[in-house]
Amino acid sequence: MSGTYLGLPAFPEAARTSTKDAQLRANLTHATHTIRAKRAGAVGELADWQGLRAAGAAIKDHTLRHLDTYLEQLEAAVTAAGGTVHWAVDAADANRIVTELVRATGETEVVKVKSMATQEIGLNDHLRVEGISAYETDLAELIVQLGDDRPSHILVPAIHKNRSQIRDIFRTAMGEWGRPAPDGLSDTPADLAEAARLHLREKFLRAKVGISGANFMVAETGTMVVVESEGNGRMCLTLPETLISVVGIEKVVPTFRDLEVFLQTLPRSSTAERMNPYTSMWTGTTDGDGPRTFHLVLLDNGRTDTLADTEGRPALRCIRCSACLNVCPVYERAGGHAYGSAYPGPIGAILTPQLRGTADALDASLPYASSLCGACYDVCPVAIDIPSILVHLRERVAQGGEVVTAGRRTTIKPAKGHAAERAAMRAALVTLDHPVAWRATQYLAARTRRLHPRRLPTPAGRAWTDRRDLPQVPAGSFRDWWREHEKERAGRTGAPARDTGEKGGAQ
Amino acid sequence: MTGSSSRTEVLRRIRAALGDRPEDVPVPRDYLQEHGDRTPQETADLLAEHLADYRAHVHRAAPADIAGTVARLLADHGSRTAVVPPGLPQEWLSQVAGVEVTTAGADITARELDAIDSVVTGCAVAIAETGTIVLDGSPDQGVRRITLVPDHHVCVVRAPEQVVAAVPQALPRLDPARPLTWISGPSATSDIELDRVEGVHGPRTLDVVLVSAAV
């Protein structure tokens, strides 16, 4: 599967292509509008939604504040319950650990539960190179894998495909991976789900190694939590002999009780259900029930760099519900692939540039992939102020400054392409600071207005006016208008004309 | 990096990242313990309603009718084989006829289960507001795979003692050291056009026998 994100174009270029894809636009509009109304209904059932939201945010902030303590507590609890804990600094570290663990079993096939963390580190591609076949078992991930495609949504990775496209993928590709699609497969969702059931059943029964992520890890008890719908998660978590879970370090919560908040907010925010069909919780290993061997790989991969950014760190509260994608006008039109990472949509626009840094043109473009309308903040079940973090990251991209990258404090330069903007802002500062210069500029601008171009010259200027008209300079300034208005009023009423306060100079 | 040095490095990075000593935040627990004020009877009714919303089939029964209901559900499903956990009350199966019943030991394999039509279990707790049944591996529920691989699950829930109103009331009743499976309706997916369809890998038919004296 082509899960790699390297060398993808920056968001504006990718979006320019994807927004012209009428089928994609129609698929996304249909799906996101369906879920929006349902989510509003599911959330509306809980009168204390804002209280749950505040509690969820506070639990996450408190955990992040003591992250080292809770991870050590988690490690001790998992170990005491019969599991083994591994720590991975980055993607390469995690991929190597997982490969060695699979090798140690002697197996060359693994079944996978949908996992954002393993998507983020490109685990499937790495395993394939190492001669290990990883089978995705979530329906949407299966569609993506069979279609040699990339996920475009956190919850529904194949949201960009409609039912007839999915049927075509099943008909074409299922046979290459295992049991072929049934003859005469229709495009009704029930038939497509049945085809996936038949295709994967043999893989589940045969699998000796399962790989998962986790939605939550409980520090006090060592309990892992996986929230899912189809039962593929339960298959992968209980049938294999060995289970390997790759989980971001920010997924830890302090107590078992804390789950009472997230098990109410996550399903309603993601699939708009009161509760998702299946939630599995396990603590280490249990004799006779489930895997005999359990490995937990704790993944950093940029999370501590994000934690070091005092304004950007609330992004680590994210519970991956995808509500922000479903309400985002930019996501709805551009689609998930344009974001160029495992995390599309508004959360991806703040998470990816923090996890990966902003050195790459794609990552530097992501904080701009938003109209700052704020709908994402309104629906976020852990109250991440995404628009404010977007603005903060734009500042980082445009001005550079001190950041932590791969655990080291460093100073980054402003990204390319922002030089003209900075020069313009400096010129504006000088002009606005000097009233005489400002009046002269206004006067000149008004008198030459017929000569102004509709599009700016220079590459940076063109980048701005490619998608917008330049505002027209009015015939006179507000001060001109006021002077005339007051003269008229004085003539009419005999009252003295009020001045514009210009004599007082700069305010 | 080697294992221990990765651990040291991740912890070092976390401590360095928190060098600004951010203010600790108290967790406000002023959210509700349940939504609404219901009698136990109303809570059981809500459970039935919400289970049905997610396409579980709910069958109300008096304690004396459990055996008859279980037998009828297996027959209606056309089941010829069924598996039960070792601690299932024997009287629940007393009227089952024409079905080969296997008692699942800890060594029962997924392949064996794949050839079995139905499973009958009890539960640990049920949550009315979310339409959820929780299994905890107790002797009347068995190991997790027996309620996963067969395509038909008959689950007996005793009201009012096993039914709580909301999620915050369910967690204190559960032991996190046991493997827990929370079930809300039969397996489903929203992966095609974000529209929910029932029936993927887990049991496609979930029959809940909701037992209460008030029926």
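A salt bridge is a side-chain nitrogen of Lys or Arg within 4 Å of a carboxyl oxygen of Asp or Glu. The model is predicted, so local features need pLDDT of at least 70 and side-chain atom pairs count only at pLDDT 80 or more, whereas totals for chains, interfaces and linings use all residues. Residues are numbered from 1 along each chain as its sequence is written, chains are lettered from A and ligands numbered from 1 in the order in which they are written, and side-chain values use heavy atoms, with hydrogens and water left out.

**Stop 1: salt bridges in chain A**

Select Arg303(A) and Glu120(A), whose side chains form a salt bridge with an N to O distance of 2.8 Å. The pair links distant parts of the chain: Arg303(A) belongs to helix α13 (residues 303-308) and Glu120(A) to helix α6 (residues 116-120), 183 residues apart. Helices (H or I, at least four residues) and strands (E, at least two) are DSSP runs, numbered from the N terminus. Both Arg303(A) and Glu120(A) are buried. Here, buried means under 20% relative accessible area, exposed over 50%, and partly exposed in between (1.4 Å probe, protein chains only).

Next, select Asp149(A) and Lys161(A), a salt bridge in which the closest N and O atoms are 3.9 Å apart. Both residues lie in the loop between α8 (139-146) and α9 (163-177) of chain A, twelve residues apart. Asp149(A) counts as buried because its relative accessibility is 15%.

**Stop 2: a salt bridge between the chains**

Now select Arg144(B) together with Asp289(A), where a salt bridge spans 3.1 Å from N to O. This pair crosses between chains: Arg144(B) is in the loop between β6 (132-135) and β7 (152-158) of chain B, and Asp289(A) is in the loop between β9 (278-283) and β10 (293-299) of chain A. Arg144(B) has 8% relative accessibility and therefore counts as buried; Asp289(A), at 4%, is also counted as buried. Then select Asp68(A), Glu72(A), Glu75(A), Arg7(B) and Arg15(B), which salt bridges with shared partners join into one network. Over all chains, the count comes to 47 salt bridges.

**Stop 3: the interface**

How many residues does each chain bring to the contact? Chain B brings 75 residues and chain A brings 99, where contact means heavy atoms within 4.5 Å. The size of an interface is often given as the accessible area lost when the parts come together. Chains B and A bury about 7,800 Å² between them, with 56% of it on carbon and sulfur atoms; buried area is the accessible area (1.4 Å probe) that two parts lose on being put together, summed over both. Select Glu193(B), Leu194(B) and His201(B): these supply 11% of the area that chain B buries against chain A, more than any other three residues. The rule finds 14 salt bridges across this interface.

On the side of chain B that touches chain A, several elements each supply at least two residues, among them α1 (3-17), α2 (40-53) and β9 (180-183). Select α1(B), which gives the largest share of that side, ten residues.

**Stop 4**

Display the strands as a cartoon and follow the open sheet of eight strands, in the order β8(A)-β5(A)-β6(A)-β9(A)-β9(B)-β6(B)-β5(B)-β8(B), with mixed pairing. Two strands pair if DSSP finds at least two bridges between them. At the edges stand β8 (252-253) of chain A and β8 (163-164) of chain B; each has a single partner strand, so one side of each is left without a neighbour in the sheet.

Zoom in on β9(A) and β9(B), which run antiparallel and are joined by four bridges. Tyr278(A) has Ile183(B) as its bridge partner in β9(B). Within chain B, β6(B) and β9(B) pair in the antiparallel sense over three bridges, and Val134(B) has Trp182(B) as its bridge partner in β9(B).

**Stop 5: a helix and a loop in chain B**

Select helix α3 (residues 66-76) of chain B, where the buried residues include Ile66(B), Val70(B), Leu73(B) and Leu74(B). Among the elements that cover the buried residues of α3(B) are β1 (57-61) and β12 (205-211) of chain B. Just after α3(B), Gly78(B) takes a positive phi of about 75 degrees.

Finally, select Gln90(B), in the loop between β2 (81-84) and β3 (100-103) of chain B. Is Gln90(B) buried or exposed? Gln90(B) is exposed, because its relative accessible area is 56%.
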